[in-house]
Amino acid sequence: MTNRPKPQPGILEIAPYVPGRSQAAAGQKAIKLSSNESPLGASPQAIAAYKGVGDHLEIYPEGSSAVLREALAEVHGLDGSRIVCGNGSDDLLHLLAQCYIGDGDEAVMSQYGFSVYPIVTEAAGGRIVMAPESDFVASVDSILAAVSERTRIVFLANPNNPTGTYLGASEVRRLQAGLRPDVLLVLDSAYAEYVTTSDYSVGVDLVERADNVVMVRTFSKMGLAAARVGWLYGPAHVADALNRIRGPFNVNLGGQLAAAAATRDVDFTRKLARYNAQWRDWLSAQLGSNQMRVVPSQANFIMVLFAEPAHADAAFEALLAKGLIVRQVGSSYGIANGLRISIGPEAAMRAVADVLKNMVFG
Ligand SMILES: *Cc1c(COP(=O)(O)O)cnc(C)c1O
C-alpha cells in the first residue's frame with residue numbers, strides 16, 4: 001500500500017466532474033435535458049464532413065487544426081494564428097491552468113461558476129477562490145475583491161452554466177480594467193451562440209485590446225458534443241505558450257472537419273439560436289408560477305428555483321418518471337433547490353411544463 005505510485009498532492013482531493021445523467025428507468029425511452037446539448041441536433045454539413053473521414057484512419061490529422069482555424073478566422077473575422085483548438089474546451093481550460101498556475105497560486109471564479117474551473121486549477125497545484133454572487137449573477141466587485149497577490153487566472157463563464165445569467169459588455173470591461181496586467185482573464189463564452197441580449201460581448205474586442213484576455217469557445221453546445229472540439233482566441237504570447245504544451249494532435253480529424261463545416265454553416269447556427277430563444281422564452285414564462293422561479297437565462301437551458309430542496313427533488317423524480325432527464329444542481333453547485341433544464345425538442349418542452357405546472361408541493 002505505501003510503496004506504490006502516488007498522484008501529486010491534492011489530486012485525490014479533487015471531486016470528479018459529474019456529467020448530466022443520461023438514463024431514465026430501465027427500458028424507458030428517455031429525453032436528455034441534462035447536458036445542454038443542441039436542441040436541433042448537428043448541422044447536416046458537419047455530419048457529412050464527419051462521415052467522410054473513415055477511409056484513412058491510419059493517417060495522423062494535421063496537428064494545428066489549420067482547416068478549422070481558417071474557417072473560424074474567416075467567419076468570425078479573427079487572426080487565425082492566434083486561435084488554438086482543443087479536444088473540447090475542457091482541454092483548453094486544463095492547458096491554461098497548466099501554463100499559468102503553479103503550486104500555491106490562486107484562480108478566482110464566481111460562486112456558481114462552471115464546475116470544471118476548480119478541477120483544472122487544483123490539478124495544476126493551485127487553489128480556487130470563490131467570489132460571492134448576488135441572486136445568481138456574477139459580481140465584478142466581488143471578483144476583484146477576491147483577487148490577491150497569488151492570483152494568476154480569473155475564470156468567467158459568460159453566460160454562466162448552471163445559472164444562465166450573464167454580465168454585460170461594460171461590466172466585463174470594468175472587470176478587465178480592474179485586474180493587474182499579469183492576471184489572465186479567461187472569458188468562457190461556451191453559450192455565445194444562444195445569447196439574444198444586445199448588451200453582450202463575446203470577448204473578441206477585449207482580446208484585441210488587452211494582453212491578458214483570452215476567449216474560450218466550444219462546439220459542444222451547438223450540435224457537436226460527441227466530436228469534442230473547443231477553441232480559444234487570445235494574444236500571440238498565450239497561443240505560443242499553449243502550442244508548446246498541447247497534445248501535438250489534440251483535435252481528431254473528424255472533429256476538425258465537422259467543426260469547420262459547422263462554422264461555415266451559419267444558417268444552421270442562426271436557426272439554432274432562433275429555435276432556442278423561442279422555447280427558452282416559452283418555458284421560462286410557463287414555469288414562473290406554482291412556487292417556482294426561473295432565473296433569466298441567455299443560454300440554451302434555464303435554471304428553475306423551487307421553494308425548498310425537497311420540492312426540487314420531487315420535481316426531478318416526477319420528470320424522470322416521464323422519461324425527462326434534467327440536471328440537479330445541488331451536489332455540484334450547492335443550489336439544492338434548483339434544477340437545470342436544457343432547451344430541447346418542442347414535445348419535451350411541453351411535457352416538462354405540463355409536469356411542473358401540475359406538481360402539488362406538500
Ligand atoms: C459545456 C461547457 C464547457 C465545456 O465544453 P466542452 O464540451 O469541453 O467543449 C465549457 N464551459 C462551460 C461554461 C460549459 O458549460
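The largest share of the lining of the largest pocket, three residues, is supplied by helix 3 (residues 89-100), where helices (H or I, at least four residues) and strands (E, at least two) are DSSP runs numbered from the N terminus. This is a predicted model, in which local features need pLDDT of at least 70 and side-chain atom pairs count only at pLDDT 80 or more, while totals for chains, interfaces and linings use all residues. Residues are numbered from 1 along each chain as its sequence is written, and side-chain values use heavy atoms, with hydrogens and water left out. The protein is divided into domain 1 (12-42 + 267-357) and domain 2 (44-265), with bounds that come from an automatic or database domain assignment.

**The two domains**

- The C-alpha centres of domain 1 and domain 2 lie 24 Å apart.
- Across the boundary, 33 residues of domain 1 are in contact with 34 residues of domain 2, contact meaning heavy atoms within 4.5 Å.

**The largest pocket**

- On a 1 Å grid over the protein atoms alone, a pocket is an open set of points with protein on both sides within 12 Å along at least five of seven lines, whereas a cavity is a set of points where a 1.4 Å probe fits but cannot get out; lining residues have an atom within 4 Å of a point.
- The largest pocket holds about 440 Å³ of space, a volume being the space filled by probe spheres set on the points, which are joined across faces, edges and corners.
- Its lining is made of 27 residues, and Y17, S35, F114, S220 and K221 are the ones that lie nearest the centre of the pocket.
- Both domains take part, since at least three lining residues of the largest pocket come from each of domain 1 and domain 2.
- By class, this lining has eleven nonpolar, eight polar and eight charged residues, with Ala, Val, Leu, Ile, Met, Phe, Trp, Tyr, Cys and Pro counted as nonpolar, Asp, Glu, Lys and Arg as charged, and the others, Gly among them, as polar.

**The cavities**

- The structure holds two cavities of 30 Å³ or more, and the largest cavity has a volume of about 80 Å³.
- Of the 16 residues lining the largest cavity, S110, A138, L156, A157 and N160 are the closest to its centre.
- Strand 3 (106-110) and strand 5 (151-157) are the elements that give two or more residues to this lining, and strand 5 gives the most, with three residues.
- The lining of the largest cavity has nine nonpolar, six polar and one charged residues.
- The second largest cavity, with a volume of about 30 Å³, is lined by A169, V172, R173, L187, S201, G203, D205 and L206.
- Helix 6 (169-178) and helix 7 (204-209) each supply at least two residues of the lining of the second largest cavity, and the largest share, three residues, comes from helix 6.

**The loop between strand 5 and helix 6**

- N158 is placed in this loop and is buried, with a relative accessible area of 5%, where buried means under 20% relative accessible area, exposed over 50%, and partly exposed in between (1.4 Å probe, protein chains only).
- Leaving aside neighbours within four places in sequence, N158 is in contact with Y166, L167, V172, D188, S189 and Y200.
- A cis peptide bond with omega of about -5° joins N158 and P159, and another cis peptide bond, with omega of about 20°, joins N161 and P162.

**Two further loops**

- In the loop between strand 7 (213-218) and strand 8 (230-233) lies A227, which is buried at a relative accessible area of 7% and, beyond its neighbours within four places in sequence, is in contact with Y50, N252 and G255.
- R228 is placed in the loop between strand 7 and strand 8; its phi is positive, near 60°, although R228 is not a glycine, and at 29% relative accessibility R228 counts as partly exposed.
- Q291, in the loop between helix 10 (266-286) and strand 9 (292-295), likewise has a positive phi of about 60° without being a glycine.

**Helix 11**

- Helix 11 (residues 309-321) has 13 residues and reaches 19 Å from its first C-alpha to its last, close to the 18 Å expected at 1.5 Å a residue, the expected span being 1.5 Å times one less than the number of residues.
- The buried residues of helix 11 are H311, A312, A315, F316, L319 and L320, and they pack against strand 10 (301-306), strand 11 (324-325), strand 12 (327-328), strand 13 (338-342) and helix 12 (346-357).
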